[in-house]
Amino acid sequence: MALSVLDEFIARGPGGPGASPYERARRRRQGLPNYRLCRYADDWCLAISGTKAHAEALKEEIAKVLSAMGLRLSPEKTLITHIDEGLDFLGWRIQRHRKRGTGKSYVYVYPAKKALVAIMAKVKAFCRQSTNLPLSVLLIHLSRMLRGWTAYFEYGCSNATFSYLRSYLWKQVIRWQERKHRRTPWKELRRRYGRWPTDGAVELFDLAKVSAKRYYYRGTKITAPWPGTA
C-alpha cells in the first residue's frame, strides 16, 4: 500500500503509461525516455526506453518520492542494468540474446539460476531424510513441490531447465532408493520400481511432460476485479 505513491508517480509521468503513442514517438524523437513500471508487492522493475543517464535521473526522482513515505532504496538491491546484461526479477532471468542461427536479438525470459538452485536444494534436503519413509510418501511430497514450481515457471523459455531438473530429480530419488535398500542390486530395484520412480499407483511427477507456454501476455485485456471499473 505504501508503494502506491510510486504507482501514481509513474502513472502521471510524461513518459509513463498514460502517454499516447503519438506522445511516446515525439519523446523518442526528442531524445526523452519512455518508461513502464512492473510491480508485485515490494518487488518492482522500471523498464526504460532511453539511456543510462535517464535511468539514473529517474532513480533519484523515485528516491525522493519514496522518502516522503519514510522509505528508501536499498543500495545493495537497486540495480541499473542494460537488457543485454539482463536482470533477475521474481525468480525469472530476463535478458536479450541473439537468436541462434540468426543475426536478430530477442528478449528471453527463463528461470533464474537462483530459483533453480533453491528448488534443487529442497529436493536434495527431502531426499536426505530418513529412508524409513515409504517410497510413495517421498514421491507424493516431491510431486507436489515440483508441480507448484513448474506451474509458476511454465510461462517462459523453461523447457531446458525442466529437463535439467528432471535429470537431477531422478538421480536424487535413485540414491534414496539405494540407501534404503543397501543390499539390493540396482537391476532388482529397477525391475521393482521401473525406470521412472513409481510405487504402486503413485508415480513421480515428470517435468518433461510439462510444455512451456512462452509469453502469454494479456496486459490491459485483463478484466479489473472491481465493479464499474475498466
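Asp 88 is partly exposed, with a relative accessible area of 45%; here partly exposed covers the range between buried, under 20% relative accessible area, and exposed, over 50% (1.4 Å probe, protein chains only). Those areas come from the Shrake-Rupley method, and for residues only the protein chains shown count as cover. This is a predicted model, where local features need pLDDT of at least 70, side-chain atom pairs count only at pLDDT 80 or more, and totals for chains, interfaces and linings use all residues. Residues are numbered from 1 along each chain as its sequence is written, and side-chain values use heavy atoms, with hydrogens and water left out.

Let's stay with Asp 88 for a moment, as it has a partner. Asp 88 forms a salt bridge with Arg 93, and the closest N and O atoms of the two lie 3.1 Å apart. A salt bridge is a side-chain nitrogen of Lys or Arg within 4 Å of a carboxyl oxygen of Asp or Glu. Side chains of opposite charge can pair when their charged atoms come close. Across the whole structure, the search finds five salt bridges.

Another of these pairs joins Arg 96 and Asp 84, at 2.6 Å from N to O. This pair links distant parts of the chain, 12 residues apart: Arg 96 is in strand β4 (residues 92-98), while Asp 84 is in the loop between α3 (52-67) and β3 (87-89). Helices (H or I, at least four residues) and strands (E, at least two) are DSSP runs, numbered from the N terminus. Both partners are partly exposed, Arg 96 at 32% relative accessibility and Asp 84 at 38%.

Now look towards the start of the chain. The side chains of Arg 39 and Asp 7 meet in a salt bridge of 2.6 Å, N to O. Arg 39 is partly exposed at 31%, and Asp 7 is partly exposed at 28%.

Back to the loop between β3 and β4, where you will find Gly 91. Gly 91 counts as partly exposed, at 28% relative accessibility. Beyond residues up to four places away in sequence, Gly 91 touches Pro 111, Ala 112, Ala 115 and Phe 153, a contact being heavy atoms within 4.5 Å. Gly 91 and Leu 116 are 25 residues apart in sequence, and their C-alpha atoms are 8.8 Å apart in space.

Two buried loop residues come next. Glu 154 sits in the loop between α5 (135-153) and α6 and counts as buried at 13% relative accessibility. Its contacts, leaving aside neighbours within four places in sequence, are Phe 162, Val 210, Ser 211, Ala 212 and Lys 213. Leu 73 is in the loop between α3 and β3, and is buried with a relative accessible area of 18%. Leu 73 touches Trp 44, Lys 59, Ala 63, Leu 66 and Thr 78, not counting residues up to four places away in sequence. By contrast, 49 Å separates the C-alpha atoms of Leu 73 and Arg 179, which are 106 residues apart along the chain.

Finally, turn to helix α6 (residues 159-180), the place of Lys 171. Lys 171 is partly exposed, with a relative accessible area of 41%. On the surface, Lys 171 gathers with Lys 124, Arg 128 and Arg 175 in a patch of positive charge. Such patches are made of residues with over 30% relative accessible area and no salt bridge, like charges being joined within 9 Å. Lys and Arg count as positive and Asp and Glu as negative, without His or the chain ends.

Note on methods
Patch = residues over 30% accessible without salt bridge, like charges linked within 9 Å, V, L, I, M, F, W, Y side chains within 5 Å. Areas by Shrake-Rupley, 256 points an atom, 1.4 Å probe, with all protein chains shown as cover. Charge placed at Lys NZ, Arg CZ, Asp CG, Glu CD.
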